Amino acid sequence: MRFLFATLALAGALLLAPAQAEWKPEYAAAPFEVQNWYRNAELTQEAQARFPLKRVLEHYGQAPANGNWDSFRCPFCKHAKNRHAHVFEFKGVEMFGCRSTNCPTGKAMTAVQYIAHTAGLSNREAFIEYLKLAGVWKE
């Protein structure tokens, strides 16, 4: 029952949380085609199939040692004894989440958001990195 309430609370937080985006002046200098590409960018099914979130965690050395994706140590909140992290599906998208209220991530994350948080990249840079890791990036 606790898990159900936690899941519903997490889903509610995802739906009510404002989107985070940061505009940088150099974006305006990019050619129209580049701006348009980013405006319409979305993860393709091919990229998601080739490099799902679990593979992202494996790539960064943060996959669960025991293979239990439902309960493993969160690489961000550093609760050594607690296993708060989990990978779950929300509206057809794999998400990483930590059940600890003290976790610095503060929210569930997609593969791109996970890369951004782990590698210290902007969402734009993380999106490009994800496409490269998935082998679908085209210059």
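This report walks through an aromatic cluster, a helix pair and a loop serine in a predicted model.

## The aromatic cluster

Let's start with the rings. The structure holds six aromatic pairs. One of them joins F76 and F96, whose ring centres lie 5.8 Å apart with the planes at 85°, so this pair is edge-to-face. F76 sits in the loop between α5 (53-59) and β1 (85-90), while F96 belongs to strand β2, so the pair ties together parts that are 20 residues apart in sequence. Both F76 and F96 are buried.

F76 also pairs with Y114, again edge-to-face, with 5.4 Å from centre to centre and 65° between the planes. This second pair links distant parts of the chain, from F76 in the loop between α5 and β1 to Y114 in helix α6, 38 residues apart. How buried are these two partners? F76 has a relative accessible area of 13%, and Y114 has a relative accessible area of 0%; each value is under 20%, so each residue counts as buried. If you are tracing the rings on screen, look for W69, F72, F76, F96 and Y114, which form one aromatic cluster.

## Where α6 meets α7

The axes of α6 and α7 (residues 123-134) come within 8 Å and cross at roughly 115°, which makes α6 roughly perpendicular to α7. The crossing of the two helices, α6 and α7, is right-handed.

Which residues make the contact? From α6 they are A111, V112, I115 and A116, and from α7 they are N123, A126, F127, E129, Y130 and L133.

V112 is placed in helix α6 and counts as buried, because its relative accessibility is 9% and the cut-off is under 20%. The C-alpha atoms of V112 and Y130 are 6.2 Å apart in space, although 18 residues separate the two in sequence. V112 and Y130 are also both among the residues that make the contact between α6 and α7.

Finally, take a look at S100, found in the loop between β2 (93-98) and α6 (111-119). Is S100 buried or exposed? With a relative accessible area of 12%, S100 is buried. A polar atom of the S100 side chain lies 3.1 Å from the backbone nitrogen of N102.

Technical notes
Residues are numbered from 1 along each chain as its sequence is written. This is a predicted model: local features need pLDDT of at least 70, side-chain atom pairs count only at pLDDT 80 or more; totals for chains, interfaces and linings use all residues. Side-chain values use heavy atoms; hydrogens and water are left out. Helices (H or I, at least four residues) and strands (E, at least two) are DSSP runs, numbered from the N terminus. Buried means under 20% relative accessible area, exposed over 50%, partly exposed in between (1.4 Å probe, protein chains only). A polar contact is a pair of N or O atoms within 3.5 Å; within protein, one must be able to donate a hydrogen and the other to accept it, and residues adjacent in sequence count only if both atoms are side-chain atoms. Rings of Phe, Tyr and Trp (its six-membered ring) pair if their centres lie within 6.5 Å; planes under 30 degrees apart count as stacked, over 60 as edge-to-face and the rest as tilted. Axes are lines fitted to C-alpha atoms, for helices over the stretch in contact, and angles run from 0 to 180 degrees between N-to-C directions. Angles under 35 degrees count as roughly parallel, over 145 as roughly antiparallel, 65 to 115 as roughly perpendicular and the rest as oblique. A crossing is left-handed if the near helix is turned anticlockwise from the far one by less than a right angle, and right-handed if clockwise. Contact means heavy atoms within 4.5 Å.
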